[in-house]
Amino acid sequence: MRMEYQALKVTMTDAVVTIAINRPDKLNALNEKALEELMLALKNAEQDPGCRVVVLTGVGRGFSAGQDLKEHQDHGGADQIGAHVARYYNPLAKKLYHFPKPTIAMVNGVAAGAGMSLALAADFRIGSKTARFSQAFVKIGLVPDSGSSYLLPRLIGVARALEMAMLGEVLDAETAYQWGLLHRLVEPADLQAVTDALARRLAAGPPLALAMIKRSIHRGVEHNFDESLEFERGLQAAAARTEDHHEGVAAFLNKRAPEYRGR
Ligand code: LHQ
């Protein structure tokens, strides 16, 4: 069934569904219509057995400038923000992060605020040299939402995440690539082809294994600090019972090279 969308352009080529936010005049800022349709398009892609990969992008020169601040103000948004996040952004962020098929953010231009959060929730970020990232929240006296506080420090480290979140400066594509925000950095003319090649490769992969790989990697970073300490302690106790540990300490104290036997 072909869906008609107002704020999106959704296309399917082979097993790849591309969801493009289609409000180019506003750099694909997210109004309620776009948020509702994004959720619907993701649900449709999830349920479609023919869909194996989802590409998220933006029409025109932007990826997404985050919440549509005009609509936010017109709707008297400040008082509603908690409810708005609960109703639209959090379910959308969860849907994308837990999406049981590979997802690629094709970052064609600026990704700001919650628009950046959506890019972070995808499995891959392929950026053109025109990609830019901004944790714009602080510029309007807000805080990172839609998953940025969780995803950003995991992707680029606490120091850089704090810098981005506290300054709200726009990060260029080259720096984003160096920091590991982008998996690939390509010329604008190559963005579609490079994304297509990755999407096709993922689409040819084992779907159930890919879904499980995603869950397993997520689980790895989702253990909290205290649980990780306890896990480390168990491993450390086992390591300390090995011959190799005793050999290592003896070698150090006798100022000689250790000979490890894997026992
Ligand atoms: C926009 C927007 C925009 C409307 C550009 N809204 N029109 C969640 C829940 C509820 C409420 C609050 O927030 C959240 C989470 C969030 O996402 S908060 C963060 C919201 N986003 C921002 O604060 C980013 C605001 N935009 C910018 O800082 C700049 O536009 C960036 C740096 C993204 C791009 O700059 P430029 O390339 O110089 O483009 P521009 O500023 O000239 O924008 C082009 C047009 O797009 C312009 O419209 P106009 O009619 O004047 O040509 C902008 O007004 C419009 N636009 N972002 N978020």
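Student: What covers the buried residues of α1?
Tutor: The cover includes β1 (8-13), β2 (16-21), β3 (53-58), α3 (77-97) and α4 (114-121). Covering here goes by contact, that is, heavy atoms within 4.5 Å. Helices (H or I, at least four residues) and strands (E, at least two) are DSSP runs, numbered from the N terminus.

Student: Where do the numbers come from, then?
Tutor: This is a predicted model, with local features needing pLDDT of at least 70, side-chain atom pairs pLDDT 80 or more, and totals for chains, interfaces and linings using all residues. Residues are numbered from 1 along each chain as its sequence is written, and side-chain values use heavy atoms, leaving out hydrogens and water.

Student: Which residues of α1 are buried?
Tutor: Ala34, Leu35, Glu37, Leu38, Met39, Ala41, Leu42 and Ala45. Buried means under 20% relative accessible area, exposed over 50%, partly exposed in between (1.4 Å probe, protein chains only).

Student: How far does α1 reach?
Tutor: Helix α1 spans residues 32-47, which is 16 residues. From first C-alpha to last it reaches 23 Å, close to the 22 Å expected. The expected span is 1.5 Å times one less than the number of residues.

Student: And α3, how far apart are its end C-alpha atoms?
Tutor: Only 26 Å, although α3 has 21 residues. A straight helix would reach 30 Å.

Student: Where does α3 bend?
Tutor: At His84, by about 50°. That is the angle between axes fitted to the seven residues ending there and the seven starting there. His84 is also one of the buried residues of α3. Others include Tyr88, Tyr89, Leu92 and Tyr97.

Student: Switching to sheets. What is the strand order in the six-strand one?
Tutor: β1-β2-β3-β5-β7-β10, an open sheet with mixed pairing. Two strands pair if DSSP finds at least two bridges between them.

Student: Why is one side of β1 and of β10 left without a neighbour?
Tutor: β1 and β10 (184-186) stand at the edges, each with a single partner strand, so one side of each has no neighbour in the sheet.

Student: How do β3 and β5 pair?
Tutor: In the parallel sense, over three bridges. β5 covers residues 103-107. Ile104 in β5 is the bridge partner of Val55.

Student: What about the four-strand sheet, what order?
Tutor: β4-β6-β8-β9, open and mixed. β4 (62-64) and β9 (170-172) are the edge strands, each pairing on one side only. β6 (110-112) and β8 (132-134) pair in the parallel sense over three bridges.

Student: Which helix lies across β4, β6 and β8?
Tutor: α4, running at about 100° to β6. Axes are lines fitted to C-alpha atoms, for helices over the stretch in contact, and angles run from 0 to 180 degrees between N-to-C directions.

Student: Now Cys51. Buried or exposed?
Tutor: Cys51 counts as buried because its relative accessibility is 2%. It sits in the loop between α1 and β3. Leaving aside neighbours within four places in sequence, Cys51 contacts Met12, Ala15, Val17, Ala45 and Lys101.

Student: Which residues touch the most other members of the largest nonpolar core?
Tutor: Ile19, Leu30, Leu38, Phe133, Met164 and Leu181, out of 49 residues. α1 gives the most to this core, with seven residues. A nonpolar core is a set of buried Ala, Val, Leu, Ile, Met, Phe, Trp, Tyr and Cys residues joined through side-chain atoms within 4.5 Å.

Student: What does Leu181 touch?
Tutor: Among them are Met116, Leu120, Phe133, Leu152 and Met164, not counting residues up to four places away in sequence. A second, separate core has 13 residues, including Val16, Val53, Val186 and Ala203.
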